[in-house]
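Here is a short briefing for a reader who is meeting this structure for the first time. Please look over the sequence and the model before reading on.

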Amino acid sequence: PGGCLREAPGGSDPARTAAALALWEECADRFHRPEEGITIAVGPVSAYSASADLLRGAADIRRRRKLPGHTHLLETRAQALMAKTTLPSGSAVRHLKETGFLELPGTSCAHA
């Protein structure tokens, strides 16, 4: 009730993308200590709501720092429809693969 379905791709905001990537870098610098049992994972919220630039940047951070990653695929039919209509490939899984996020070791996806 009261919700809406995204019908067109959202734009990428370079400032917000840079801020998110910088935050992941800072968290890795400050808190990633696997030898002490603390592992930082890079986690864009979902494949259909993250820009390709954000996902590519997240994959780059993971690759350079050897970090795991986590994201949500699709929880509902509405989200599947949004992915189909707003992502260039029409698929959340393909979107993650094409941006390099899915291709790295240590990737987990919720609601697959």
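A crossing of two helices is called right-handed if the near helix is turned clockwise from the far one by less than a right angle, and left-handed if it is turned anticlockwise. In this model, which is predicted, H1 passes H2 in a right-handed crossing. The points below begin with the chain as a whole and then return to this pair of helices.

**The chain as a whole**

- The protein chain contains 4 helices and 2 strands, and these elements follow one another from the N terminus in the order α-α-β-α-α-β.
- Of the 112 residues in the protein chain, 35% are buried.
- The protein chain exposes about 6800 Å², and carbon and sulfur atoms supply 56% of that area.
- Among the contacts in the protein chain with a separation of 6 or more, 72% are accounted for by residues 24 or more positions apart.

**The pair H1 and H2**

- Two packed helices are described by the distance between their axes and by the angle between those axes.
- Helix H1 covers residues 14–31 and helix H2 covers residues 52–65, and their axes come within 9 Å and cross at roughly 20°.
- Angles under 35 degrees count as roughly parallel, and H1 and H2 are therefore roughly parallel to each other.
- On the H1 side, the contact is made by Thr17, Ala20, Leu21, Trp24, Glu25, Ala28 and Asp29, while H2 contributes Asp53, Leu54, Gly57, Ala58, Ile61, Arg64 and Arg65.
- Sorted by class, the contact of H1 with H2 has 7 nonpolar, 2 polar and 5 charged residues.

Definitions and conventions. Residues are numbered from 1 along each chain as its sequence is written. This is a predicted model: local features need pLDDT of at least 70, side-chain atom pairs count only at pLDDT 80 or more; totals for chains, interfaces and linings use all residues. Side-chain values use heavy atoms; hydrogens and water are left out. Buried means under 20% relative accessible area, exposed over 50%, partly exposed in between (1.4 Å probe, protein chains only). Contact means heavy atoms within 4.5 Å. Accessible areas come from the Shrake-Rupley method with a 1.4 Å probe; for residues, only the protein chains shown count as cover. Axes are lines fitted to C-alpha atoms, for helices over the stretch in contact, and angles run from 0 to 180 degrees between N-to-C directions. Angles under 35 degrees count as roughly parallel, over 145 as roughly antiparallel, 65 to 115 as roughly perpendicular and the rest as oblique. Ala, Val, Leu, Ile, Met, Phe, Trp, Tyr, Cys and Pro count as nonpolar, Asp, Glu, Lys and Arg as charged, and the others, Gly among them, as polar.
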